[in-house]
Amino acid sequence: MTRELYEKVVLTRNLDSHGLRAGDVGTVVDRHAVPGVSEDGYSVEFVDMTGNTVAVVTLLASALRMPTPA
């Protein structure tokens, strides 16, 4: 599934090197074709509760999911 720019997404795995955990919510800021891989890559910005950027990480689509209602 293609993600749109500025769409909210949920991280599906921990990224210890960036201090991110599965379930963290981010915003898609760019889409990338990944040579030799059958899925797209996305740059996702993660922010803290005050709006400060925690990390901008490039991830494969399989590392992201759509948010679901509570």
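In what order do the strands of the open sheet stand, and in which sense do they pair?

**View 1. Strand order in the sheet of the predicted model.** The open sheet has 5 strands in the order β4-β3-β2-β1-β5, and the pairing is antiparallel. β4 and β5 (64-65) stand at the edges with a single partner strand each, so one side of each has no neighbour in the sheet. Strand β4 spans residues 53-60 and includes Val-56.

**View 2. Pairing of β2 with β1 and with β3.** Strand β2 covers residues 25-32. Strand β1 (residues 8-11) pairs with β2 in the antiparallel sense over 3 bridges, and Val-9 is found opposite Gly-26 in β2. β2 also pairs with strand β3 (residues 41-47), again in the antiparallel sense, over 5 bridges. Here His-32 stands opposite Gly-41 in β3.

**View 3. Pairing of β1 with β5.** β1 and β5 run antiparallel and are joined by 2 bridges. Leu-11 stands opposite Leu-64 in β5. β5 is one of the edge strands, with a single partner strand.

View 4. Is Thr-27 buried or exposed? Thr-27 has a relative accessible area of 15%, under the 20% limit, and therefore counts as buried. Its side chain makes a polar contact of 2.9 Å with the side chain of Lys-8. Leaving aside neighbours within four places in sequence, Thr-27 is in contact with Tyr-6, Glu-7 and Lys-8, and also with Ser-43, Val-44 and Glu-45.

**View 5. Thr-12 in the loop between β1 and β2.** Thr-12 is partly exposed, because its relative accessible area of 34% falls between the limits of 20% and 50%. Which residues does Thr-12 touch, not counting those up to four places away in sequence? They are Ala-22, Ser-62, Ala-63, Leu-64 and Arg-65. The side chain of Thr-12 comes to 3.4 Å from the backbone oxygen of Ser-62. The C-alpha atoms of Thr-12 and Ala-61 are separated by 10.0 Å, with the two residues 49 residues apart along the chain.

**View 6. A nonpolar surface patch.** Leu-5, Tyr-6, Val-29 and Val-56 make a nonpolar surface patch of about 390 Å². Of these residues, Val-56 lies in strand β4, and Tyr-6 is also among the contacts of Thr-27.

Key: Residues numbered from 1 in each chain as written. Predicted model: local features only at pLDDT ≥ 70, side-chain atom pairs only at ≥ 80, totals over all residues. Heavy atoms only, no water. Patch = residues over 30% accessible without salt bridge, like charges linked within 9 Å, V, L, I, M, F, W, Y side chains within 5 Å. Areas by Shrake-Rupley, 256 points an atom, 1.4 Å probe, with all protein chains shown as cover. Salt bridge = Lys/Arg side-chain N within 4 Å of Asp/Glu carboxyl O. Helix = DSSP H or I, 4+ residues; strand = E, 2+ residues; numbered from the N terminus. Buried < 20%, exposed > 50% of the residue type's maximum accessible area, 1.4 Å probe, protein only. Polar contact = N/O pair within 3.5 Å; in protein donor to acceptor, adjacent residues only side chain to side chain. Contact = heavy atoms within 4.5 Å. Pairing = 2+ DSSP bridges.
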